[in-house]
Amino acid sequence: MKTAELLALDAAHVWHPFTQMQGWLDDRPLVIERAEGNWLIDTEGRRWLDGISSLWVTVHGHRKQAIDDAVRAQLDKVAHCTLLGQASVPSIELAAKLASIAPEGLSRVFYSDSGSTSVEIAVKMAYQYWQLAGRPRKQKFVALQEAYHGDTIGSVSVGGMDLFHERFRHLLFPVERVATPHAYRWAGTDPLTESLASIRALFEARAGELAGFVVEPLVQGAAGMLLQPRGWLSGVAALCREFDVLLICDEVATGFGRTGTMFAVEQEGVTPDFLCLAKGLTGGYLPLAATLTNDRVYGAFLGRFDEVKTFFHGHTYTGNPLACAAALANLGLFETEQTLARMAPVQAVLAEGLARIAALPQVGEVRRRGFMVGVELVKDRATKEEFPFAERRGFQVCQAARKHGVLLRPLGNVVVLMPPLSLTTDEAKLLTGALEDAICLPLPRGGEGRGEG
Ligand SMILES: *Cc1c(COP(=O)(O)O)cnc(C)c1O
């Protein structure tokens, strides 16, 4: 089928996620047909550098031989079988592998299919845990402003992004909010000590009602790659321990090397009570998620059948064998290819290109941890005034970067770079060069304000 025909059918039938469909075709969508390494290839045969890892999932590049082979080999055995009442080979092997690479003590693995469900499960487990532990008043969750934990109602409840969540306000359960400890737009003087002091005050007053603290460690991704000050996460972990509040770390975005270490929590020496994993778990191949927890939580759910302590939760495709096989191969590559060590020189090239971008008058702040980058565009550098929502400034810059064969997607006025860990130094130069050029281009003013940006 030709591209025009495909797009006509797409416009007639496919409702795209996070997309204003009115005027969708005016945005000149690409139709991707195949891929090679870090490049996507569209139906016209054009090659595009995948600057956002196909929405933050691709780890070692597309069509990675070892993962392709693992999925094919599993296909010759069984594509799917349930984990309700039976076990399967790859789900067992993967759980053991995850337990061996996660922070010590996170030995119990509960599978699901998406980042949203991995958080939903942690929230439900924490909630049930306190009932089983004889402290049923501990029911409330604490979360950061501008948090993003997914799109199901429970994960939206702990999320805090007004743009996405406001319409659903009446469907959500109430959550205690803590200000995002993000230096660039912090209202006080010291986000580290002031934020930790406010959390301590909250815990001192209310810990008896608090079940858990949900947080994206080190980087709040969807909020615009907001960085936490060093020491913040370990400070929160210490407070959670002191006041017996369960710590839920959502590493759906930060997990699997994205911040430079296998898991972001490692950089602060933190072992949470729950570790939520999804996006990069299968290397970007198949939808799979895991919620890891410890023996304290797991043990509370053990009992005689008629005590009804069972965790009544499970998705039909839980622990899908094809996805688990892909994940095992993905994790194996971190060892055979020394992926994390090989990121270092590429990070240096990224940092060099980003330093030039940070000096541009249109740029308020460049934020980076490992391969997670946010470039915040501002109307006025001195006052940090934001571009109006309707101008879709981030979107316009991403469209302009296409001239260089680079695919990006913004978060409002923040342009995101989230390349695969397999990015080469040449590709890193192309990526930052394309973004620099796109930011400097005179952009069309005004505009329809069609999309979410
Ligand atoms: C993407 C993301 C989610 C949601 O994952 P889905 O697979 O889209 O449901 C949750 N938490 C964080 C931090 C994310 O970045």
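The legends below describe close-up views of a predicted model.

**View 1. Residues around the ligand.** The shell around the ligand consists of W56, S114, G115, S116, Y148, H149, G150, E216, D250, V252, A253 and K279. By class, these shell residues divide into 4 nonpolar, 5 polar and 3 charged.

View 2. In the side chain of S116, an N or O atom is 2.5 Å from an oxygen atom of the ligand. For K279, the distance from a side-chain N or O atom to a ligand oxygen is 2.6 Å. G115 takes part through its backbone, where a polar atom is 2.8 Å from an oxygen atom of the ligand. The ligand taken alone exposes 380 Å², and the protein buries 83% of that.

**View 3. G115 in helix α5.** G115, one of the residues around the ligand, lies in helix α5, which covers residues 115–132. G115 counts as buried because its relative accessibility is 14%, and the cut-off for buried is under 20%. In sequence, G115 and A278 are 163 residues apart, yet their C-alpha atoms are 5.0 Å apart in space.

**View 4. The second largest pocket.** This pocket has a volume of about 810 Å³. Its lining comprises 26 residues, and L83, V109, F110, Y111 and Y298 lie nearest the centre. Two or more lining residues come from each of α4 (89–101), β4 (108–112), β12 (289–293) and α10 (295–300). Helix α4 gives the largest share of the lining, 5 residues. Sorted by class, the lining of the second largest pocket has 16 nonpolar, 9 polar and 1 charged.

**View 5. Strand β1 at I32.** I32 is placed in strand β1, residues 32–36. With a relative accessibility of 40%, I32 counts as partly exposed. The C-alpha atoms of I32 and E44 are 8.9 Å apart in space, and the two residues are 12 apart in sequence.

**View 6. N38 between β1 and β2.** N38 is located in the loop that joins β1 to β2 (39–42). Its relative accessibility is 5%, so N38 counts as buried. The side chain of N38 makes a polar contact of 2.6 Å with the side chain of S422.

**View 7. Positive phi at E146.** Most residues other than glycine have a negative phi. E146 is not a glycine, but its phi is positive, about 60°. The loop that holds E146 runs between β5 (140–144) and α6 (153–158). E146 is partly exposed, with a relative accessible area of 35%.

**View 8. Positive phi at M225.** M225, also a residue other than glycine, has a positive phi near 55°. M225 is found in the loop between β8 (219–220) and β9 (226–227). The relative accessible area of M225 is 0%, so this residue is buried. E146 in the previous view is partly exposed, at 35%.

Methods: Residues are numbered from 1 along each chain as its sequence is written. This is a predicted model: local features need pLDDT of at least 70, side-chain atom pairs count only at pLDDT 80 or more; totals for chains, interfaces and linings use all residues. Side-chain values use heavy atoms; hydrogens and water are left out. On a 1 Å grid over the protein atoms alone, a cavity is a set of points where a 1.4 Å probe fits but cannot get out, and a pocket is an open set with protein on both sides within 12 Å along at least five of seven lines; lining residues have an atom within 4 Å of a point. Grid points are joined across faces, edges and corners, and a volume is the space filled by probe spheres set on the points. Helices (H or I, at least four residues) and strands (E, at least two) are DSSP runs, numbered from the N terminus. Ala, Val, Leu, Ile, Met, Phe, Trp, Tyr, Cys and Pro count as nonpolar, Asp, Glu, Lys and Arg as charged, and the others, Gly among them, as polar. A residue is near a molecule or strand if one of its heavy atoms lies within 4 Å of it. A polar contact is a pair of N or O atoms within 3.5 Å; within protein, one must be able to donate a hydrogen and the other to accept it, and residues adjacent in sequence count only if both atoms are side-chain atoms. Accessible areas come from the Shrake-Rupley method with a 1.4 Å probe; for residues, only the protein chains shown count as cover. Buried means under 20% relative accessible area, exposed over 50%, partly exposed in between (1.4 Å probe, protein chains only).
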